[in-house]
Amino acid sequence: NQVSLQVINQGPTLEPDQQQIFTAMITDRTIWDEKPHLGLGLYIVRSILEHHGGTIEVRNLNNDGVAFTAHLPTAD
């Protein structure tokens with residue numbers, strides 16, 4: 001009894017300890033540009049999901065991207 005949403009980000013894969021990217025102020029960017037990056041986006045996503053009883057997971061896609069899957073319980 002849940003709904004899931006998967007987002008695929010094509011590009012570089014993540015390091016083996018993938019769960020650290022859901023921590024505040026963490027980034028895995030290998031290319032930096034002039035735009036500021038605080039490393040808060042995935043932390044905020046995880047916090048919102050957990051507040052509503054959900055979870056999020058991440059996995060590499062055969063060296064060609066990353067898949068993020070969010071799960072939320074449905075209302076009874």
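**Ground rules.** I number residues from 1 along each chain as its sequence is written. For this predicted model, local features need pLDDT of at least 70 and side-chain atom pairs count only at pLDDT 80 or more, while totals for chains, interfaces and linings use all residues; side-chain values use heavy atoms, with hydrogens and water left out.

**Overall layout.** I started with the secondary structure and found 1 helix and 3 strands. Helices (H or I, at least four residues) and strands (E, at least two) are DSSP runs, numbered from the N terminus. Along the sequence, the pattern reads β-α-β-β. I then looked up burial: of the 76 residues, 22% count as buried. Buried here is under 20% relative accessible area, exposed is over 50%, and partly exposed lies in between (1.4 Å probe, protein chains only).

**The sheet.** What is the strand order? I get β1-β3-β2, an open sheet of 3 strands with antiparallel pairing. Two strands pair if DSSP finds at least two bridges between them. The edges are β1 (2-9) and β2 (55-60), each of which pairs on one side only.

**Strand β3.** I went through its two pairings in turn. β1 and β3 (residues 66-73) are antiparallel over 8 bridges, and β2 is joined to β3 by 6 bridges, again antiparallel. Is β3 enclosed or open to the outside? It has 6 of its 8 residues buried, so it is largely enclosed by the rest of the structure.

**Around T69.** I picked T69, which sits in strand β3. Q6 stands opposite T69, and T69 is also the bridge partner of E57. The side chains of T69 and Q6 are joined by a polar contact of 3.1 Å. A polar contact is a pair of N or O atoms within 3.5 Å; within protein, one must be able to donate a hydrogen and the other to accept it, and residues adjacent in sequence count only if both atoms are side-chain atoms. T69 counts as buried because its relative accessibility is 10%. One step along, V7 stands opposite F68 in β3.

**The hairpin.** I looked at the link between β2 and β3, which has 5 residues between the strands. In it, N62 takes a positive phi near 45°.

My search for salt bridges over the whole structure gave 1. The criterion is a side-chain nitrogen of Lys or Arg within 4 Å of a carboxyl oxygen of Asp or Glu. The partners are R46 and E50, with the closest N and O atoms 3.8 Å apart. Both lie in α1, 4 residues apart, about one turn of the helix. R46 is partly exposed at 24% relative accessible area, and E50 is partly exposed at 49%.

**Nonpolar patch.** Which residues form a nonpolar patch on the surface? I found Y43, I44 and I48, with about 270 Å² of accessible area together. Patch residues have over 30% relative accessible area and no salt bridge; like charges are joined within 9 Å, nonpolar side chains (Val, Leu, Ile, Met, Phe, Trp, Tyr) within 5 Å. Accessible areas come from the Shrake-Rupley method with a 1.4 Å probe, and for residues only the protein chains shown count as cover. I48 belongs to helix α1 (residues 41-51) and, at 48% relative accessibility, counts as partly exposed.
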